[in-house]
Amino acid sequence: MTGGIDSPVAAYRLMRRGCSVLLVHFHSYPILSRASQEKVREIAALLTTYQLRSRLILVPFGDLQQQVVLAVPAQLRVVIYRRLMMRITEKLARAWRARALVTGEVIGQVASQTLDNLTNIAEATTLEVLRPLVGMDKDEITAEAARLGTYPISIIPDQDCCQLFTPRHPSTRVRRDEIERAEDALPIAEMVDAAVAAATVEDFRFPVLH
């Protein structure tokens with residue numbers, strides 16, 4: 001769950017199919033401000049009107065990004081970030097007995113969302129990866145966000161971890177051998193464990209009282 005337009009719509013689409021959605025947000029505080037966390041809290045509160053109870057997990061990611069910057073070539077970093085997020089989210093999901101991961105990814109929308117990179121990112125987890133928006137275009141997603149009421153929150157300016165340490169020219173077709181070399185230079189298991197241990201949990205119930 002980012003503070004952007006896509007992921008709240010993806011979460012809602014699972015909710016309307018009867019799924020209980022656990023919300024996971026990666027942030028880079030204190031490197032960046034708390035703005036993205038505040039936005040996600042507002043979105044979580046709004047989405048709670050559709051599933052009555054929501055759990056939001058806030059995961060610090062800035063330290064991990066700094067480790068990646070020191071060890072991984074710039075063009076590979078976005079895919080490595082996403083693979084780390086998948087591993088961390090899988091560990092959280094299994095702890096809460098969740099059965100799949102859900103993303104707001106859309107084919108070709110950004111460099112990490114080409115077919116090659118989506119495949120490489122999904123291979124970091126053994127859980128099912130659901131992408132309810134994968135074939136939509138931005139206008140369709142924006143219109144649905146407006147109907148849900150999340151759009152005005154999502155467009156509030158913030159400092160999102162996805163924008164931190166992002167290279168100017170990320171690779172749109174990262175090869176498997178490049179990923180293996182990059183991840184060999186990182187203590188992946190320790191990074192995942194540290195992020196999970198540092199995560200905080202917030203619960204929301206309908207009606208949400210401010």
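Modeller: Contact here means heavy atoms within 4.5 Å. Leaving aside neighbours within four places in sequence, Ser154 is in contact with Gly3, Gly4, Ile5, Pro8, Lys39 and Ile43. Keep in mind that this is a predicted model. Ser154 belongs to helix H7, residues 151-154. Its relative accessible area is 8%, so Ser154 is buried.

Pro8 is in H1 and takes part in the contact with H6.

Take H1 and H6 now. H1 covers residues 6-15 and H6 covers residues 138-148. Their axes are 9 Å apart, and the packing angle is about 70°. That makes H1 roughly perpendicular to H6, because angles of 65 to 115 degrees fall in that class. The crossing of H1 and H6 is left-handed. On the H1 side, the residues are Asp6, Pro8, Val9, Tyr12 and Arg13. They meet Lys138, Ile141, Glu144, Ala145 and Leu148 in H6. By type, the residues of this contact are 6 nonpolar and 4 charged, with no polar ones.

Next comes H4, residues 77-95.

The partner in one is H9, residues 188-198. The axes of H4 and H9 come within 9 Å and cross at roughly 55°. H4 and H9 are therefore oblique to each other. Their crossing is right-handed. H4 brings Leu84, Arg87, Ile88, Lys91 and Leu92 to this contact. H9 brings Ile188, Met191, Val192, Asp193, Ala195 and Val196. The residues of the contact of H4 with H9 comprise 8 nonpolar and 3 charged, and no polar.

The partner in the other is H5, residues 115-122. Here the axes of H4 and H5 come within 8 Å, and they cross at roughly 35°. The crossing of H4 and H5 is right-handed. Val79, Arg82, Arg83 and Met86 of H4 make the contact with Asn117, Asn120 and Ile121 of H5. This set of residues divides into 3 nonpolar, 2 polar and 2 charged.

Phe61 sits in the loop between strand E2 (53-60) and helix H3 (62-71). Phe61 counts as buried, because its relative accessibility is 1% and the cut-off is under 20%. From Phe61 to Thr89 there are 28 residues in sequence. In space, the C-alpha atoms of Phe61 and Thr89 are 12 Å apart.

Now the whole chain. The protein has 9 helices and 5 strands. From the N terminus on, their order is α-β-α-β-α-α-β-α-β-α-α-α-α-β. The C-alpha trace spans about 50 × 35 × 30 Å along its principal axes. Of the 210 residues, 49% are buried.

Notes: Residues numbered from 1 in each chain as written. Predicted model: local features only at pLDDT ≥ 70, side-chain atom pairs only at ≥ 80, totals over all residues. Heavy atoms only, no water. Axes fitted to C-alpha atoms, helices over the stretch in contact; angles between N-to-C directions. Helix = DSSP H or I, 4+ residues; strand = E, 2+ residues; numbered from the N terminus. Parallel < 35°, antiparallel > 145°, perpendicular 65-115°, else oblique. Left-handed = near helix turned anticlockwise from the far one by under 90°. Nonpolar A, V, L, I, M, F, W, Y, C, P; charged D, E, K, R; others polar. Buried < 20%, exposed > 50% of the residue type's maximum accessible area, 1.4 Å probe, protein only.
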